[in-house]
Structure formats: structure tokens, C-alpha cells
Amino acid sequence: MYLNDSINFLRKLTLRRLWNFSGVLVSYYLTRIFQKPIQWGLPVTISLEPTTACNLRCPECPSGLRAFTRETGNLREDFFRKTVDELHRELLWLIFYFQGEPYINPKFLDMVRYARSKGLYTITSTNGHFLNDENARKTIESGLDRLIISIDGLTQESYEQYRIGGKLDNVIQGARNVVKWKKQLKSRTPHIIFQFLVVRHNEHEIEGVYQLAKEIGVDEVKLKTAQVYDYENGNPLIPTQEKYARYQQRRDGRWELKRTPGNSCWKLWHSCVITWDGLVVPCCFDKDALHRLGDLKKTRFREVWHNEAYRQFRIKLLQGREQIDICSNCSEGCSVWA
């Protein structure tokens with residue numbers, strides 16, 4: 001199953017995409033050597049936000065908490081096509097996710113289909129509540145390459161402690177629907193992943209998630225560490241098993257990130273996020289789009305990627321990530337995905 005996914009991705013490679021990737025990679029390492037921002041090429045991957053709306057109220061999510069200062073809305077299909085038309089020759093991955101639940105956007109799968117027609121490897125992440133039989137079939141037919149389904153508990157009691165307002169039975173049935181249609185339509189895609197956010201109240205269920213995935217026919221399980229905003233004095237979401245936590249307790253009793261990354265960031269060189277309304281932000285940690293580096297309603301992406309605002313943001317990172325709020329709680333290097 002992993003082999004099918006790898007072959008599917010490799011088939012989408014072109015000389016132009018490989019050349020762009022090479023330029024981005026070389027410029028990143030030259031930046032680390034000379035400590036000056038050198039940026040060649042265009043992003044290798046982009047996250048496009050289908051919507052900021054969500055049906056759940058997860059406690060560490062601005063969308064779930066309804067805590068955004070920016071407006072809620074859906075990505076427009078015409079804007080999406082314009083963006084893809086500009087960038088698809090260089091892109092390797094297109095991620096349909098930032099905040100919100102992608103399936104709430106009624107045009108979401110139409111946009112996946114369009115990206116597929118441009119030879120892009122497409123990915124989305126969903127809470128699984130909209131994968132009814134019809135949407136499951138349409139998901140397969142859209143050509144989506146990778147589907148990440150969040151399943152953060154094996155009982156309703158443990159699941160709803162984080163996925164507030166969610167129904168575990170709906171998520172499991174949604175996964176079964178996708179697997180069923182994938183088999184009926186004899187499709188190799190999407191590669192289906194159960195993503196399990198490890199927190200204190202569900203860490204005892206990890207082994208069971210692997211068993212459930214095997215029983216349903218899900219291709220892969222990924223364990224994900226939880227980001228929490230208030231961690232210095234501890235947090236009830238932090239697992240007791242240290243290997244599943246992003247944070248560790250110091251001798252004085254306070255908590256800190258397990259690993260503090262250096263003053264460089266691969267994400268800032270090879271990827272970015274575009275919000276539903278066309279704002280370009282550095283990465284997925286800028287959930288409220290406070291670090292706005294450009295607006296695609298006014299400027300072409302190529303100009304934004306190399307503009308002075310981006311250059312200054314990269315300089316600031318090189319000078320010290322503690323100066324940037326979204327970088328101070330960054331989990332680079334703290335993942336337990338397996």
C-alpha cells in the first residue's frame with residue numbers, strides 16, 4: 001500500500017518540478033551556510049484553505065473555538081483555478097487544508113479534480129463527519145491522492161474530550177465508506193491515513209487504532225503530537241508517555257518544548273499557506289493569518305514569494321526564532337509520526 005502511494009507520487013514528477021525543487025533545496029542550505037536569505041525557485045508545496053468553517057469545537061483550534069479575528073469564508077473556485085494555473089508547473093504537493101473542515105466547502109472536490117488534471121499530488125485532512133456514502137464515492141472519483149482522517153479516540157468518551165461535538169461512529173463509518181468505494185471503483189487512490197492525535201486521555205488506545213485501521217482497510221496510521229498554547233505550567237492534554245509529547249518538564253517544574261529548533265526553517269523555503277481569501281502566510285502555525293506576507297487579490301504569487309516582506313521575515317528568523325511568536329511554539333523535530 002505504501003508502494004502504491006510512492007509510485008503514484010513519482011509518476012507526477014517532471015523535470016521542471018525537480019529543477020525547481022533542486023533550486024529551493026540548494027538556496028536553503030546556502031542560506032544556512034552564509035546566514036543571509038537566499039531564495040531560488042517557487043514553493044514545492046502549498047496549503048490552500050478550502051474554508052475556515054468547522055462543525056467541531058476542538059479546544060486547541062482557533063476554528064473550533066470560534067476565536068479567529070479574520071473572517072470565516074469559503075475558497076472560491078475561480079480564485080483557486082487562477083492560483084493553480086500560475087503554480088502547478090513547479091508544485092509537487094497541493095494540500096487542501098489549513099483551518100476548518102474542507103468538506104464544508106461545496107466546491108471542494110471539484111477543486112481537487114481540477115488540481116488532479118494539472119498533475120498535482122493532492123492531500124486533504126478531514127474530521128471524517130462528512131464522508132457519507134455519496135461524498136465517499138465523489139472523493140474517489142475526484143482523484144484525491146491522500147486522505148487523512150482524524151480519529152482521536154476509540155470510544156465516544158475519549159474521542160469527544162478533544163473532538164468536542166463529534167461522533168466517533170460517524171468517523172468510523174466514513175472511513176468504511178471510503179474504503180468500500182475505493183474497492184468498488186478499483187481505484188489505487190486515495191492513500192487513506194488514520195491520524196491519531198496523542199493526548200493524555202487517549203494514549204492508552206494507540207495499539208487499538210492500528211487494529212481498527214487493519215480491520216477497516218485503512219492504509220496507514222500516523223501518530224501526531226499535540227500542540228498546546230498554554231504549556232509552561234503543564235496542561236491536561238500533555239501525555240504521560242514522554243515520547244508522545246512535544247513538551248518536557250524541567251527540574252523547576254515548568255514545561256518547555258522538547259527540542260528547540262535552530263534559527264532556520266525548511267518550511268519557510270519550500271512551502272507556504274494561502275488562506276481562503278488569498279492571503280499568503282508563512283506556515284500552518286500562523287492560524288489567524290497575523291503574519292501577512294502578501295495578498296493574491298492584489299499581487300501575483302511569484303511577486304509575493306520574492307517580495308521585501310518575505311525577505312524581512314526570513315531575516316528575522318535567521319536572527320532568532322524567539323522574536324517570532326509562531327516560531328516559539330514550533331514543533332519542527334518534535335513529531336512522532338510513524
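Does Ala226 count as buried or exposed, and at what relative accessibility? At 9% relative accessibility, Ala226 counts as buried, where buried means under 20% relative accessible area, exposed over 50% and partly exposed in between, with a 1.4 Å probe and protein chains only.

This is a predicted model, in which local features need pLDDT of at least 70 and side-chain atom pairs count only at pLDDT 80 or more, while totals for chains, interfaces and linings use all residues. Residues are numbered from 1 along each chain as its sequence is written, and side-chain values use heavy atoms, with hydrogens and water left out.

## The sheet

Nine strands form an open sheet with mixed pairing, in the order β6-β5-β4-β3-β2-β1-β9-β10-β11. Helices (H or I, at least four residues) and strands (E, at least two) are DSSP runs numbered from the N terminus, and two strands pair if DSSP finds at least two bridges between them. The edge strands, each pairing on one side only, are β6 (220–225) and β11 (294–295). Strand β9 (residues 271–274) pairs with strand β10 (residues 279–281) in the antiparallel sense over two bridges, and Val281 in β10 is the bridge partner of Val273.

Helix α5 (residues 108–117) touches β2 (93–96) and β3 (121–126), and its direction makes about 180° with that of β2. Helix α8 (residues 168–184) touches β4 (146–150) and β5 (191–198), and its direction makes about 160° with that of β5. Contact here means heavy atoms within 4.5 Å; axes are lines fitted to C-alpha atoms, for helices over the stretch in contact, and angles run from 0 to 180 degrees between N-to-C directions.

Strand β4 is mostly covered, with five of its five residues buried. Arg146, Ile148 and Ser150 point one way from β4, whereas Leu147 and Ile149 point the other way, and all are buried. Strands β3 and β4 run parallel and are joined by four bridges; the partner of Ser125 in β4 is Ile148.

## Helix pairs

| Helix pair | Axis separation | Crossing angle |
|---|---|---|
| α4 (residues 77–87) and α5 | within 11 Å | roughly 20° |
| α5 and α6 (residues 133–142) | within 9 Å | roughly 15° |
| α6 and α8 | 8 Å | about 50° |

Angles under 35 degrees count as roughly parallel, over 145 as roughly antiparallel, 65 to 115 as roughly perpendicular and the rest as oblique. Helix α4 is therefore roughly parallel to α5, α5 is roughly parallel to α6, and α6 is oblique to α8. A crossing is left-handed if the near helix is turned anticlockwise from the far one by less than a right angle, and right-handed if clockwise; the crossing of α4 and α5 is right-handed, that of α5 and α6 is right-handed, and α6 passes α8 in a right-handed crossing.

The residues that make these contacts can be sorted by class, with Ala, Val, Leu, Ile, Met, Phe, Trp, Tyr, Cys and Pro counted as nonpolar, Asp, Glu, Lys and Arg as charged, and the others, Gly among them, as polar. Between α4 and α5, Glu77, Phe80, Arg81, Val84 and Asp85 of α4 meet Asp110, Met111, Tyr114 and Ala115 of α5, a contact of five nonpolar, no polar and four charged residues. Between α5 and α6, Leu109, Val112, Arg113 and Arg116 of α5 contact Asn135, Lys138, Thr139, Glu141 and Ser142 of α6, which gives two nonpolar, three polar and four charged residues. Between α6 and α8, Asp133, Ala136, Arg137 and Ile140 of α6 contact Asn177, Val178, Lys180, Trp181 and Lys182 of α8, with four nonpolar, one polar and four charged residues.

Ala226 lies in the loop between β6 and β7 (247–249). Leaving aside its neighbours within four places in sequence, Ala226 is in contact with Leu197, Val198, Val199, Arg246 and Tyr247. From Phe34, Ala226 is 192 residues away in sequence and 34 Å away in space, C-alpha to C-alpha.

Pro43 lies in the loop between α2 (15–34) and β1 (45–48), and at 2% relative accessibility Pro43 counts as buried. With neighbours within four places in sequence left aside, Pro43 is in contact with Asn20, Glu90, Leu91, His270, Ser271, Phe301 and Trp305. The C-alpha atoms of Pro43 and Phe21 are separated by 8.0 Å, at 22 residues apart along the chain.
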